[in-house]
Amino acid sequence: MRIIGFILICIVGAIVVSNSSNLVLAGEPSFSIVRHGAESKFPEGVRFFLEVNSEEPITEIRVYFEKMGQSSRRSYRSLEFETGKSVSAEFIMRSGSGGQYIPPGTRIEYFFEIHDALGQESRTEESTFVYLDTEFEWRTLTDGLITVFFHGESMTQVGGTILETASTTLKYMSPVLGINPDEPLHIITYDKYRDMSKALPFRSEATSKHLITQGMAFREERVLLVHGKSDSVVGTTSHEFTHLLLADAAGRAIQRIPTWLNEGLAEYGNQNSTGEYGRYLEYAIKNGKLKPLWHLGTFSGTPGEVLLGYGQGQSVVEYLVSTYGQNKMAELIQNIKRTFDIDAGLELTYGFDQHGLDSEWRRSLGVDPLPVPRKNIPKALQQEESLPTIVSQALRPTTAPVTVGVPEDKAPPNIDIDSPKGIYPSDPIPPTDGDNKPNGTPAPGCSVIYNSPMAHSDLSILTLLGGALSLYGFVVWRKRD
């Protein structure tokens, strides 16, 4: 009996094992992937594609993707295809007018998920794709986390200069900002401005015609676009690269960094500053036109006042670092990151708020401090001097080291900064060959994108500056004629 019982147990066990094995096999999807990947369809966007065969009809294919950067967020979309056992599917992630703008140089991580009629699913391994302008064959130079993309043999030396500039800026600004980046940073450089302009976010026709963007930083994507043949390429690269580093240090609190500090730090990291902003600052000091520091959360007013804001920001940052040291500046960034407030960050770090800092800085310049602001009065009423904002919080022109057309023999003391003449050239803009020096004037700075989807409306605001420039140039030309 014992023998018979043992045999029965073995038979039952074999049946159970057999059925269990069949269940596992039945649950395994039988997909055969022919090919899959991502390709650039610049400037329209990125095309994700997948070809797959299956024993059961395929009902859905998804692509999961995220732009690698400051705050990566994974999304998914369903690919388009006709249901069947052998399918070819695709999805285009639009850039620009058809979707969220994607700057060239953006790293995108993605994978596909496949579903069949039985509810079985499978997914591919994660892959990384770099979105680039398909008009050119790109070459690269790399130093640690920094990679410079350039095209053409003639741009090899320029690419090396840009890489050296970015690497030096990283070493110089790391202790000031208290950072040690661990994610890649990409720099895309074009030899012709007309080619680079096609890669920039949408801008109105007037803005594109009258304002030249020498460089643009994209914080979210950790990408920098630079006009490589610009005379100010070293200054532009170091200034804009500092913006990317500051975004690393501040994280989500980057939106709460006031413009005077953001631009002041970027100019502190500028390896080839022209001193242009200092001349506006000197004029303002002599003529009592300095603005309260707490009015410079964003730069507003006439173009001359905007440039003065750059000068004040640069001077205040230099004062803080020279007086209290680099470690304190790094501590300030961390305290703003904790509190999301500039005054609270200053109090925790230095023991004073913006008014206290403004007073100390003014005394160091030999200027009497301002009275304590009336905190019980709404800020809107306190800032009755302020004029309509030229740029918004989402997109601020930065203190790029591009010269803005003021001749060396006409220093700001002879120019009223309250007038648009403060930044306009004294001669009409000459015609060009349309390559490296397009018609127009460099903006008061290059641009840093804080939120790509909002760039469309914010960039158009700069048309005010471009239109005034055009009118002034025409008047001067008529007088000369």
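**Notes on the predicted model**

1. Just after helix 7, Gly288 adopts a positive phi of about 65°. Helices (H or I, at least four residues) and strands (E, at least two) are DSSP runs numbered from the N terminus.

2. This is a predicted model, in which local features need pLDDT of at least 70 and side-chain atom pairs count only at pLDDT 80 or more, while totals for chains, interfaces and linings use all residues. Residues are numbered from 1 along each chain as its sequence is written, and side-chain values use heavy atoms, with hydrogens and water left out.

3. Helix 7 spans residues 276-286, and its buried residues (under 20% relative accessible area, 1.4 Å probe, protein chains only) are Glu276, Tyr277, Arg279, Tyr280, Leu281, Tyr283 and Ala284. These buried residues pack against helix 6 (259-268), helix 8 (303-324) and helix 11 (354-364).

4. Glu135 lies in the loop between strand 7 (127-130) and strand 8 (138-143). Glu135 counts as exposed (over 50%) because its relative accessibility is 51%. Leaving aside residues up to four places away in sequence, Glu135 touches Asp195 and Lys198; contact means heavy atoms within 4.5 Å. Glu135 and Asp195 are 60 residues apart along the chain, with 9.3 Å between their C-alpha atoms.

5. The average pLDDT (the predictor's confidence in each residue, from 0 to 100) is 78 for the protein, and 69% of the residues score at least 70. Residues 1-27 stay under 50 and have 2 contacts beyond four places in sequence. Residues 376-446 are also below 50, with 207 contacts in the model beyond near neighbours in sequence. Where pLDDT is low, the predicted coordinates should not be read in detail.
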